[in-house]
Amino acid sequence: MADVPLLNITLSHPTFFILTGIPGLAGTQAWLTLIFGPMYLLALLGNGALMTVVQTDSALHQPMFLLLATLAATDMGLATSIAPGLLAVLCLGPRTIPYVACLAQMFFVHALTAMESGVLLAMACDRAVAVGRPLHYSVLVTKARVGYAALALVLKAVAIVVPFPLLVARFEHFRKKTINHTYCEHMAVVELVVGNTRANNLYGLALSLAVSGVDILGIATSYGLIAHAVLKLPTREARSKAFGTCSSHICVILAFYVPGLFSYLTHRFGQRTVPKFIHILLSNIYLLLPPSLNPLIYGARTKQIRERILETFFFRKKQF
């Protein structure tokens, strides 16, 4: 039997890929830097400020604020994993990315996304204990346990995401080197593969359902317990105050999961009806919007954070 020629296929792992940016917006995508650039800058400055005030102010060395600092560090990592390359593609056009760097970016994007979801679950559990069992909060939620929880979340994110680059690295043949995306998203790379990608597709779907599904279920359960505890409080003022302690976290949850839900639904069910550039725009917004909004939400709605930021960066107290 004659060999079937492999047209436009590399015979080994390519040394690089080409990120093209946003298909269909080649002539106007440079203008998007006016949106994504400030978002990234805000993510860096806002989360950097949060981490600084929590680290330097001993009064904020409490479990709730340590979890907030963990979220800020995750946000900075998540935004930085895609924003520099995204802005380079938008401004300068298609760019090359080394094969190994592409797999590394794939790992960090998905691992930090899983980490962010896990931190939001941990913060929901923290609020559930604070509202439901306030007298036991200092015993049940300690700085040491927050540290162990953060370490566990890191190890979990690494363990469940490592298969992504490994599943791609096992392939030797690729149809082309051009990735129609702004970063090395797992399924965007898998589309280039020649071979049976069933394992990649199934693992990607299972991971999305397992991580987001389990975390959302845990967050919903935590807020169910919070609602139950709040409704048992005797006065409207007490109920309002209890709900107020959770308002910032609720806003952060919505900022993370709502864009993610739209991105997931358009990717899974809108392949034929939703234009490609919408898919890619949503995936970038999903990764950059929460890191840029979270510092604003906590800075505006949390009195301790707001006061410490103003004192640290703008109006330092006079020393006598």
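At 0% relative accessibility, Cys184 counts as buried, a class that takes in residues under 20% relative accessible area, with exposed meaning over 50% and partly exposed in between (1.4 Å probe, protein chains only). The model is predicted, so that local features need pLDDT of at least 70 and side-chain atom pairs count only at pLDDT 80 or more, whereas totals for chains, interfaces and linings use all residues. Residues are numbered from 1 along each chain as its sequence is written, and side-chain values use heavy atoms, with hydrogens and water left out.

The structure holds 1 disulfide, defined as a pair of cysteine sulfur atoms within 2.5 Å. This bond joins Cys102 to Cys184, with an S to S distance of 2.0 Å, and its torsion of about -120° about the S-S bond makes the disulfide left-handed. The pair links distant parts of the chain, 82 residues apart, with Cys102 in helix α3 and Cys184 in the loop between β3 (178–179) and α7; helices (H or I, at least four residues) and strands (E, at least two) are DSSP runs numbered from the N terminus. Cys102 is also buried, with a relative accessible area of 0%. Cys91, by contrast, is in no disulfide, the nearest cysteine sulfur, that of Cys184, being 19 Å away. Cys125 is partly exposed at 35% relative accessible area, and its sulfur lies 12 Å from the closest cysteine sulfur, in Cys246, which is too far for a bond.

Helix α3 (residues 99–132) has 34 residues and should span 50 Å at 1.5 Å a residue, in agreement with the 50 Å between its end C-alpha atoms; the expected span is 1.5 Å times one less than the number of residues. Because 27 of the 34 residues of α3 are buried, the helix is largely enclosed by the rest of the structure.

The largest pocket has a volume of about 920 Å³. A pocket is here an open set of points on a 1 Å grid over the protein atoms alone, where a 1.4 Å probe fits, with protein on both sides within 12 Å along at least five of seven lines, and lining residues have an atom within 4 Å of a point. Of the 39 lining residues, Ser208, Gly260, Ser263, Tyr264 and Tyr286 are the closest to the centre of the largest pocket. The largest share of this lining, 9 residues, comes from α8. The second largest pocket has a volume of about 450 Å³, and among its 21 lining residues the closest to the centre are Met64, Phe65, Arg127, Thr245 and Gln304.

Key
Points joined across faces, edges and corners; volume = space filled by probe spheres on them.
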